[in-house]
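Visitor: Please take me through this model one feature at a time, with the general idea before the case.

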Amino acid sequence: MGPVRVRQEGAVAVVTVDFPPVNALSTAVRQALIAVFRDVADDESVAAVVLSGGPSRFIAGADLREMAGLPAPPFLPEVIEAMERCDKPVVAAIAGAALGGGCEIALACDARIGGASVLIGLTETRLGLIPGAGGTQRLPRLVGIARAVEMICAGRILTAREACAIGLLDAVAEGDPLAEAIARAPGTVKRRLSRVVVPPGEEKEEVAAIAVARRKAGGVPAIEEAIRVVTATRGQDFAVGLAMERAAFLALRESVEAAALLHLFFAEREATKIPGLGDARPRPVGTVGVVGAGTMGAAIAVAHADAGFPVLLVERDEAAAAAGLERVRDIYARQVGSGRLTDGAMAERLGRIAVGADWSRLRDADLVIEAAFEDMDVKSEIFRRLDAVARPGAILASNTSYLDLDAIAAVTARPEDVVGLHFFAPANVMKLLEVVRGARTAPDVLRSALTLARKLGKQPVVAGNEDGFIGNRLYAAYRRHAEYLVEEGAAPAEIDAALEEYGFAMGIFAVSDMSGLDIARAMRQRRAATRDPRERYVTIPDLLCEAGRLGRKTGGGWYRYADGVKAEDPAVTALIAGERARRGIVPRRFTPEAIQRRLLAVLANEGAKAIAGGIALRASDIDLAFVNGYGFPRARGGPMWAADRMGLTAVLGEMEQAYATGGAGSEPAPLLIELARSGRTFSSLDRGE
């Protein structure tokens, strides 16, 4: 039957999906499964059925090649209907990933036997959808409403042991799950979940699960729809619930949010396709060295220890090393305190991190990451020392967020071994890893960085070597124009509220207070000598710093923080009013929509400059960077994708206004002008159109 094979072992029909590499639910697979289940249902020599995906596989979900286009029949509910019509017990032998539609197929079976490497879950909400083939109706009947809400809304993927503990799997095979499923199948009782009553649950647990799902929704309508459809299973006929689910699924499939999340899904897969790498293979990385045990260095060490790497954390002297060890301990202690980590796991991970001041130990490292203060002299001196101590072939990485990577590499005798690994704070939590490619970075070193990112669970984005790279370059323009809006009449709280309404978790001024206003001031001071005198410069942030208002750490920045609670400060309002008067600016009002349009246009315009300059390979890479590193709402798809939705003609109009008030540095990007006038988009540019 094409991608589905059938063989018979005694009275058991073994149905195997064979559609490499992951058994995606393509049109051909769906057609074959329907035909097979109709055949075995009518075959009197068959008493039971085992559904398998072959060694180390099951069914991973939808076919990526079909997701971007219009779906073709037969649809997944028809496959599951054919399975349900079969009166013979069906046992799933799950040896690998059973995700999305693959999990729905498993739920349509009468029993589920898993192997040790099983990964199973309903992941549709990650794409702005809900399960559309009965997943929202069958899962609650198996594991209860509270757990179903939590799993579906989070798109949670369970291991074999986790799935077995809640009853999603009936057993975990010690050996081959297929052999065990074949052995169990003849004695399995037919158990259609569509006929099972939803188990009674604790109201408190359900309310708590719903509250958590809503808090983490991030503007994705699918979360509220999932809650509505799952909770409706109690006391409701299965067929009614199934119709409710399908209607919601079809409506969500046409939503802007689903399109945005699908865009990011494909962007993640494109991000590691880097021109010029050819068949370069990654260098082996076992032991990792980290130089600098401050806040960032300690978190980088934790990120690697969490991924199983032995880590050598090195500081300038023993006192600094001891302080660094305490920072590492504090990170793990907070995780234990919150219940995210056990004491045993903490001890195990701490055991992977050796902290000291002996630089000679770095000879054992395959990769050394410098995580020192953002100062060229400091970093250059560290790389001179690393050049002398690191073994030949070791990768030398800088965590710099702004500085010239080629200048850092130039102090070594091996610039081909140098790469930028820009982690985002906190480095053990934030998903983005900006991989900076220097002029002489070797292909296998870049490949190694991308491989490392995957092992760390990070989303890599490759950037060229220019001040601020991708993320901080765009963020600097974004912050600068937010400050222009303040000078022109918008209160910091109004701008932050507009950004939060758009979907950001925090506004830009609240973020500045959290990170510290002195960080941005140091960057401005470093750039002062080369700043174009025609560029508009807002002095308000400097005046705040001079007044000792450095953000949360000093009790005040753009806001005041009495007892840690953020509030607008009349002193800041007065300072802003004074600067407007000094510069002769008559303040005007801005609507939230006007603020959103201006700042989105600024991001897209700066992104266009980064693409044209070869700093960003694709518009979608910029989207990934801002979604994963700067809090841009996932449901909006990233600044470049959102700019396409806004319309590049409108974006250009906004930038012409921004240039009129911002001066040098705010010019509309030639690429933006070209795309707007030709009716093209950033997405079409990525597609090579």
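**Loops, strands and a helix**

Guide: P21 is found in the loop between strand 2 and strand 3 (24–25). Strands (E, at least two residues) and helices (H or I, at least four) are DSSP runs, numbered from the N terminus. The model is predicted: local features need pLDDT of at least 70, side-chain atom pairs count only at pLDDT 80 or more, and totals for chains, interfaces and linings use all residues. Residues are numbered from 1 along each chain as its sequence is written, and side-chain values use heavy atoms, with hydrogens and water left out.

Visitor: What kind of peptide bond joins P20 and P21?

Guide: The bond is cis, with omega about 5°. Another cis bond runs from P73 to P74, where omega is near 0°. P74 is in the loop between helix 2 (64–67) and helix 3 (76–85).

Visitor: How should I read strand pairing, and in which sense do strand 1 (residues 4–9) and strand 2 pair?

Guide: Strands of a sheet pair through backbone hydrogen bonds, either parallel or antiparallel. A pair is counted if DSSP finds at least two bridges between the strands. Strand 1 and strand 2 are antiparallel, over six bridges, and Q8 has A13 as its bridge partner in strand 2. The two strands make a hairpin with two residues between them, and G10 in the turn has a positive phi of about 65°. Strand 2 also pairs with strand 4, in the parallel sense and over five bridges; here A13 is partnered by V49 of strand 4.

Visitor: How many of the residues of strand 2 (residues 12–17) are buried?

Guide: Six of its six residues are buried (under 20% relative accessible area; exposed is over 50%, partly exposed in between, with a 1.4 Å probe and protein chains only). V12, V14 and T16 point one way, A13, V15 and V17 the other way, and all are buried.

Visitor: Which residues does S52 touch?

Guide: Contact means heavy atoms within 4.5 Å. Leaving out residues up to four places away in sequence, S52 touches V15, T16, V17, F58, A93 and L178. S52 belongs to strand 4 (residues 48–52) and counts as buried because its relative accessible area is 3%. Its C-alpha atom is separated by 8.7 Å from that of V91, 39 residues apart along the chain.

Visitor: What is the order of the open sheet of three strands?

Guide: The order is 7-9-10, with mixed pairing. Strand 7 (97–99) and strand 10 (158–159) are the edges, each pairing on one side only. Strand 7 runs parallel to strand 9 (residues 119–121), and three bridges join them. L99 stands opposite G121 in strand 9.

Visitor: Where is S56 found, and is it buried or exposed?

Guide: S56 is in the loop between strand 4 and strand 5 (61–62). It counts as exposed because its relative accessibility is 58%. Its phi is positive, about 65°, although it is not a glycine. F469, also not a glycine, has a positive phi near 55°. F469 lies in the loop between strand 19 (459–464) and helix 19, and is buried, with a relative accessible area of 0%.
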